[in-house]
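Dear colleague,

Please find below the structure that I am handing over to you. My notes on it follow directly after.

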Amino acid sequence: MYRFFVYGALGWCLEVLWTGLGSLLSGDVRLTAKTYLWMFPIYGLAVLFEPVHDRIRAWPITLRGLVWMVLFFAVEYASGWLLRFLTGVSPWDYSHARWQIDGLIRLDYAPVWFGVGLLFEKVHDRLRRMKIL
């Protein structure tokens, strides 16, 4: 249960950094950043990927990163679709972007999800060493 909270909090922090840097690149020197309450449980779901990490741990980094990229895209699409179905709107809307699918994922974010997956591997290993359940 603690791991769910760690992944949720880490995801929130990463999203705030990402959107804050994006605002800086758009000329907002205030570094305005945002996330959504919905994102905490969505990022927390990374705890379900720990067994995947255990199975692919010995694979080359490129293959592992591709696995994470595909899995994160799948979770992002499915959770966005489900929230849109339940509430009538997804918290994020990528419909303005060139490489988007149904406004729910952006294919140009592939390198980001590749890297986040590898980062979450490091977090998983640290949590194991710390024996956090």
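This is a predicted model: local features need pLDDT of at least 70, side-chain atom pairs count only at pLDDT 80 or more; totals for chains, interfaces and linings use all residues.

Residues are numbered from 1 along each chain as its sequence is written, and side-chain values use heavy atoms, with hydrogens and water left out.

The largest pocket has a volume of about 740 Å³. On a 1 Å grid over the protein atoms alone, a pocket is an open set of points with protein on both sides within 12 Å along at least five of seven lines, a cavity is a set of points where a 1.4 Å probe fits but cannot get out, and lining residues have an atom within 4 Å of a point. Grid points are joined across faces, edges and corners, and a volume is the space filled by probe spheres set on the points. The lining of the largest pocket comprises 32 residues, with Glu 15, Trp 18, Tyr 43, Tyr 94 and Trp 113 nearest its centre. Two or more lining residues come from each of α1 (2–25), α2 (39–44), α4 (61–87) and α5 (110–129); α1 gives the most, with eight. Helices are DSSP runs (H or I, at least four residues), numbered from the N terminus.

The structure also holds one cavity of 30 Å³ or more. The volume of the largest cavity is about 70 Å³, and its lining includes Tyr 7, Trp 68, Phe 72, Phe 120 and His 124. Here α5 gives the most to the lining, with four residues.

Turning to the helix pair, the axes of α1 and α5 come within 11 Å and cross at roughly 145 degrees. Axes are lines fitted to C-alpha atoms, for helices over the stretch in contact, and angles run from 0 to 180 degrees between N-to-C directions.

Finally, Phe 114 lies in helix α5. Phe 114 is partly exposed, with a relative accessible area of 23%, where partly exposed means between the limits for buried (under 20%) and exposed (over 50%), with a 1.4 Å probe and protein chains only. Phe 114 touches Ile 61, Thr 62, Gly 65, Leu 66 and Met 69, not counting residues up to four places away in sequence.

Yours sincerely

How values were computed:
Contact means heavy atoms within 4.5 Å.
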